[in-house]
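Have the structure open beside you and go through the points one by one.

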Amino acid sequence: MTYLAKPRLLADVQPRNAIGFTKRDYEGAISTLCAGCGHDSVSAAIVQAFYELDIEPHRVAKMSGIGCSSKTPDYFLGASHGFNSVHGRMPSVATGASLANRELTLIGISGDGDTASIGIGQFAHAMRRGLNIAYIVENNGVYGLTKGQFSATADKGSKSKKGVQNADAPIDLVALALQLGATYVARSFSGDKDQLVPLIKGALRHQGAAFIDVISPCVTFNNHSGSTKSYDYVREHNEAVNRVEVIQPRQEITTEYEPGSVRRVMQHDGTALLLRKLGLDYDPTDRNRAMNQLHEWNAKGEILTGLLFVEEGADDLHHHLNTVAKPLNQLTQAELCPGQAVLDKLNAALR
Amino acid sequence: MTPVTATNDFVVKFANVNGSGSASANEMFARSVMRMGIPISPRNIFPSNIQGMPTWYELRVSKDGWLGRRGGCDLMVALNPQTWDRDIAELVPGGYLVYDSTRELPRSKFREDITVIGIPLTAICAQEFTDPNQRKLFKNIMYVGALAALMDLELGVVETLIGEQYRGKDKLIEGNRNAARIGHAYAMKHFTCPLGIRCERVDGVGDRIFIDGNSAIALGAVYAGATVAAWYPITPSTSIIEAFTGYCRKFRTDPATGAARYAIVQAEDELASIGMVAGAGWNGVRAFTATSGPGISLMQEFIGLAYFAEIPLVIVDVQRGGPSTGMPTRTQQSDVLLCAYASHGDTRHVLLFPEDPNECFELTAQAFDLCERLQTPVFLMTDLDIGMNERLSAPFRWDENRHYDRGKVMTAAELDAGKLFARYQDVDGDGIPWRTIPATHPSKGAYFTRGSTRNAQAKYSELGSDYVYNLERLRRKFNTAKELVPQPVVTPAAKPTRLGVLFYGSTSPAMAEALAMLQAEGVHVDAIRVRAFPFSSQVDAFIEAHDTVFVVEQNESAQLRTLLINEGEYSPKKLVKVLHYDGTPITAGFIAGAIRTAGSAAKLAPQQSHG
């Protein structure tokens, strides 16, 4: 999807969310990615998710590394601060930003090269620390900006556009996130907005490390037959385990479900996740079973999507560090500097 | 052989095995001397190892107050058989050897020109104590007691210090005091006390405090309001974060909730440390990391980003021997160029050079003001000699009227009032733009941070003119920094001279002594201590006012001199190298010798000195 410049006047007649913002208020600059790029669909889903969650754009920080995916934070939430940082190092920058202001909603956008190759170390440690972030990988199995090299998530045996077969085993970021202790782990497909938007909403409302692996085909370098990250391949092999509905704290549950088909998971801020089971017998609150099922389906060449794991009552890095409720960047000199009297005592003890 | 005789002016060295518990006993000996009003200056010489390797504690006692390393040794407490031969060899003729004589050693293991004092420490301990752990540990305090007798230290001072060290643990206090008394009594009974080298109570310490530089930096960071520290363990910087953690627990715990007004994260590596610090600085807190050379090497890419994205942060580099793994437990000033031009592309960074713990405290606090005023990374360049050794220095002071300088941060009120916000535009002519902190205003002041490809409004741009605008503004900003950074300290010689010497950092105490030595010989040298890069105009004036300027450094390639030549375009001939780089702290003797030699070779010694 490519944004066309839209006339401003239309904004007045557009619907507004509970805090008075239109969807346009969550959009950003015009995308410079290729027409049909999966990443633009993810950006659109992010816009939708923030709009529906009634989050003020300026209370969000968009973090990214380097690559096609990492450019996208410029294309949504134009009224938020953003940080396009260093290749593979977004997690550390996001950690610092989170430490400085725990009230800021952090969304991290990365790619498979940025996260699974150069950035695998920082990804791993952000997950295990419980960084409070919605960490989205736009996973297409190739390096786009440098023109089509395999990335570390490319499946073994899959073919590049030039016909080269990938000999290396793939890194499954979902399996990794589960193993590392992420407390919200999902996989989705850029072509399935209905599935993706609620998953992003749930991740944004999750307090802790929330990870979504979004298979987002590269129309230019990895959308051919022989690729396992093409639109056609993913549509054919996608097995969704559940559908998620995110119910905000003061929102009523209006959808009706058959008894026994829905599991309710409460998040720290009072948001409820309603998980509607699909065909599979799948329990998203059991980390070990999730890992096993994931491996079984991977072995069959099928892609499990949906909310694959969520830990109820999860906590985050700030909880582990026992930091004060007030954001650190709002503490005053009086709250931070002990003053001369303390120094006099210290001096006396050092003689 | 005439035994050395000296009062309050000698070097004592303890040769121990590391992990044997000797460190606290050695320090107690040093503090006892200090409590008698005598200036001291100890240095740990230790291996990169936990247990079983040789370690030394070298204590200079100087009635004249010289705190630099002297070299040589007047009294050796040799307790490590592994290093026996070299320890004995290091004693000056007429020196004293104290050793554990439980096991007899052949005559050939000693020297004829020294006084040998054998105390059967192991045997006495075996006789006095039954617990094997006590037998081992009390041996250390026992030799402190014996030394007190041999060197006329007041035993009461030792006992007071034992009481302070083990406050609340009465059993330990009594045990240690007892061991000290046993050692003292043994020495009194078996030797003529005191020896030729001895202590005498004076008033030479004044109100000075005794602390290591790393702790002082940690305290400076607390006072400066740093709330985020991200780090990766590396010698010799690790104790900065350990001390910061301790001070924060004490002074930054919310009294009502017990929650922390700080966040300290031990990162997975130095890349993550600097990344976290950059993210935190960008988001409006004062953040820092502490590391050493290898860590700086790893941080290069992020330092470049922080420079160009104009993010305030502080990096403490406690320098050690390099390159590569180098000598992790030895001191050097060899990261000057690495830090000054860190990262690819055209970068220049602000460096501060503290001389002692007091300045470690003060310049750390200043570093946070500077990094926010200038919106750039600021490096605090210290080294192992300052960082990991306790040093007498002026007490810490904090002006209660001092306010943090948070720099040009645009507020919601200013944005509402219609003040123009363009993230990278120079509106004040000093090269420093205005910034906003995320979540400041619902509709104004947000911007997208990225590396080089942006214009003054922080919009994506690959135009050469936009890039050049930023680069030239950054150059202006760096010029602005020149007069904001700590200014140099000039010490004129007693008589007018065309000779100058320029130095920085931990060279300071050795330099003060060297200047006094040279002056006594009639060689007059004006001195300037550089405290920051970029160099202030005072540095230019000093170099211009002298025919020859010795540049004294603790590295092999004359790094600060390179910086002076590169940035100030001085003639290399005018700047004479004086370089010390074996990993030990530089000495006054070395500096004076180098200047003397260079001086006489070039016939620079002023003639009037004999007149």
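In which sense do β2(A) and strand β18 of chain B pair, and over how many bridges?

1. β2(A) and β18(B), residues 448–449, run parallel and are joined by 2 bridges. Strands count as paired here if DSSP finds at least two bridges between them. Strands themselves are DSSP runs (E, at least two residues), helices are runs of H or I with at least four residues, and both are numbered from the N terminus. If you want one spot to look at, take G82(A), whose bridge partner in β18(B) is F448(B).

2. Before you go further, a word on the ground rules. This is a predicted model, in which local features need pLDDT of at least 70 and side-chain atom pairs count only at pLDDT 80 or more, while totals for chains, interfaces and linings use all residues. Residues are numbered from 1 along each chain as its sequence is written, chains are lettered from A and ligands numbered from 1 in the order in which they are written, and side-chain values use heavy atoms, with hydrogens and water left out.

3. As a reminder, strands of a sheet pair through backbone hydrogen bonds, either parallel or antiparallel.

4. How much of the chains touch? In chain A, 51 residues are in contact (heavy atoms within 4.5 Å) with 65 residues of chain B. Together the two chains bury about 5000 Å², 63% of it on carbon and sulfur atoms. Buried area is the accessible area (1.4 Å probe) that two parts lose on being put together, summed over both. H81(A), L350(A) and R351(A) supply 15% of what chain A buries against chain B, more than any other three residues.

5. The rule finds 2 salt bridges between chain A and chain B, a salt bridge being a side-chain nitrogen of Lys or Arg within 4 Å of a carboxyl oxygen of Asp or Glu. D74(A) forms a salt bridge with R450(B), with the closest N and O atoms 2.9 Å apart.

6. What is chain A's side made of? α3(A) gives the most to the side that touches chain B, with 7 residues. By class, that side has 23 nonpolar, 21 polar and 7 charged residues. For these classes, Ala, Val, Leu, Ile, Met, Phe, Trp, Tyr, Cys and Pro count as nonpolar, Asp, Glu, Lys and Arg as charged, and the others, Gly among them, as polar.

7. A hairpin in chain A. β11(A), residues 262–266, pairs with β12(A) in the antiparallel sense over 5 bridges, and V262(A) stands opposite R276(A). The two strands form a hairpin with 5 residues between them, and G270(A) in the turn has a positive phi of about 95°. β12(A) also pairs antiparallel with β10(A), residues 242–247, over 6 bridges. R263(A) and D283(A) meet in a salt bridge at 3.3 Å, N to O. R263(A) lies in strand β11 of chain A and D283(A) in the loop between β12 and α9 (287–299) of chain A, so the pair ties together parts that are 20 residues apart in sequence.

8. In chain B, a cis peptide bond joins C193(B) and P194(B), with omega about -5°. A cis peptide bond also joins G322(B) and P323(B), with omega about -5°. In chain A, D54(A) has a positive phi near 60° although this residue is not glycine; D54(A) sits in the loop between α1 (38–53) and β1 of chain A.
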